[in-house]
Amino acid sequence: MSIFTYFFLGNLTEYLYLCNTQIYKEMQSRRSFIKNIALAIPAMSMASVMLSSCSKKDELPRKTRKRIGIIGAGVSGLHAAMLLHENPQFDIEILEAGDRIGGRIHSMDNAFGMGNVELGASEIYGSNNTWFGIVNRSQSAVVASQGAATYVIGETIYSQSQIEKDTDFIQMERQLTELKQFQSGADMSIDQFMTNAQVPERVKCIFEGKTEQFIGTTVDRASAVYNRSEGIEKMSEEKYRSGAKSFSNILLDNYAPVLPFVLNNTAVQSIDYTGSKIKVTDSLQVERVYDQLIITVPLSILKLSANKPNGISFKPELPSSKREAMDKLGMDAGVRVLLKVNKKFWNNGSSTIYTDGTIGRFEVIKSDDSKSQYVLSASVHGAKAEETLNNMSEAEIVRMIKNEWKASMSSDVANSIVDSKVIFWSKEAHIQGSFSYHKVGGSTESRAELARPVENRLYFAGEACNTGNNSGTVHGAIDTAETAVKAILKQLA
Ligand SMILES: Cc1cc2nc3c(=O)[nH]c(=O)nc-3n(C[C@H](O)[C@H](O)[C@H](O)COP(=O)(O)OP(=O)(O)OC[C@H]3O[C@@H](n4cnc5c(N)ncnc54)[C@H](O)[C@@H]3O)c2cc1C
């Protein structure tokens, strides 16, 4: 059965699964070779060498094949490449500004001597999606415990059972449930929603800690109406983490067949689609020409005006409707803070610690009770990341946490921090933020408009283009790659 038959049956995913299985079988003997090379020299370009051995492209004359350029080797770019590369109709090339693949998936192997940790995406939301399937095939999906938490409010430490009897906490939980069902004619920020709902001041930090990691910004910036079915709904999903294998290594493994087509350190500066071919020029002024382009750069990069460092110019300009849609979406600063501690100051069985300090939520991601060694992970987004953490060094952040823990708990707890790692996502030149969200006064149409192809030659993918309520996630980014590839196949059919 041809890919077109599959496509028209609406069964692209099944075709791709079969195709990938076939690729894997065919490449079994070459796979470890490719992977080793990819691990040693991430995504080096060996296109011409690998192409001749990996595909049936030679059966089609070069001039009848379409050249597809993919901008960005994050998960959406890699996935789009994977879907296209075995098709003899296409020659693909992935232009990646950074010196590694993965974008906002970035792991640290053997961190603090306690195994791998994730610096970007760290949890899989739900098991009914392609990303879970990929991780699960690596036998590396581990259920993330969402059990009891420990709460540090003022100078009091509450266990889960204690806080559940607290009237402020009970009211806060009730309002959180209302937010999940919130429908309103007039949009408002989640912060305004909290004020209207009279969430008690004392426990607002818990409300913020529970929501902000899923919306990617602070409650004062996010729309209560439009983030409800996106960010907020992620709260209720079952969550999985990487186990023995880190997410970065899973990417290298799963996308090994297309790594030879990645050109690293190739930052696209301009896209000229005035002629019949699309001219793409990088920061070294190297020009490449494609028939179709899939643009997967983060929303923050797409939003930059062309004269800003790392901005991309388009000729002709992108439609104003697309620019207006981008304005309705935000992508703010995000900071991941990892701490190694040598004292278990949370209650037994707790996997999360909520505090009313600057960092409102820590997750216990590694535990070794026999050595009394633990790793805590926190994500801070939006105004808190931008106005506070981004202006501090890693040492200052750790000092601030120590001071706060000393005041709320004890010197012993403060001094339990023995190591740290901080990543400032908005300072990564080609990422510049965490993930997209709907601003107040947003629109359900924004993401569809952002994703809409231009002249059936420029296709847009990446988490911000997800129209299925899965923006801001890895599996959502993968879905957009499938949508873009489907659109290209349909266009060329
Ligand atoms: C702190 C943090 C926590 C997160 N937590 C989770 C989580 O727990 N679960 C989850 O599912 N998701 C999470 N996410 C979101 C998830 O990481 C993203 O949704 C997903 O990885 C985005 O993939 P993408 O392909 O759309 O974009 P990216 O991964 O950003 O890839 C885009 C690529 O484009 C490249 N690029 C940019 N400009 C250019 C240029 N001019 N030329 C060439 N290349 C360029 C970039 O270098 C990058 O590699 C988190 C993200 C962050 C930052």
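## Overall make-up

Helices (H or I, at least four residues) and strands (E, at least two) are DSSP runs, numbered from the N terminus. By this rule the protein chain has 19 helices and 23 strands. The model is predicted, and local features need pLDDT of at least 70, side-chain atom pairs count only at pLDDT 80 or more, and totals for chains, interfaces and linings use all residues. Residue numbers start from 1 along each chain as its sequence is written.

Of the 493 residues in the protein chain, 45% are buried (20 or more other C-beta atoms within 10 Å of the residue's own, with C-beta atoms placed from the backbone). Among contacts (C-beta atoms, placed from the backbone, within 7 Å) with a separation of 6 or more, 75% are between residues 24 or more positions apart.

## Strand β11 and its partners

Strands pair if DSSP finds at least two bridges between them. Strand β11 (residues 268-272) is antiparallel to strand β12 (residues 278-282), with four bridges. The two form a hairpin with five residues between them, and aspartate 272 stands opposite lysine 279 in β12.

β11 also runs parallel to strand β15 (residues 313-315), through three bridges. Serine 270 has serine 313 of β15 as its bridge partner.

## Nonpolar cores

A nonpolar core is a set of buried Ala, Val, Leu, Ile, Met, Phe, Trp, Tyr and Cys residues joined through C-beta atoms within 7 Å. The largest has 69 residues, of which Ala80, Ala81 and Leu293 touch the most other members. Helix α19 (residues 474-492) gives this core its largest share, eight residues.

Leaving out residues up to four places away in sequence, alanine 81 touches Ile70, Ile92, Ile94, Val258 and Phe261. Another core, of 50 residues, lies apart from the largest one and includes Val117, Ala149, Ala385 and Val422.

Note on methods:
A residue is buried if 20 or more other C-beta atoms lie within 10 Å of its own, exposed if 12 or fewer, and partly exposed in between; C-beta atoms are placed from the backbone. Two residues are in contact if their C-beta atoms, placed from the backbone, lie within 7 Å.
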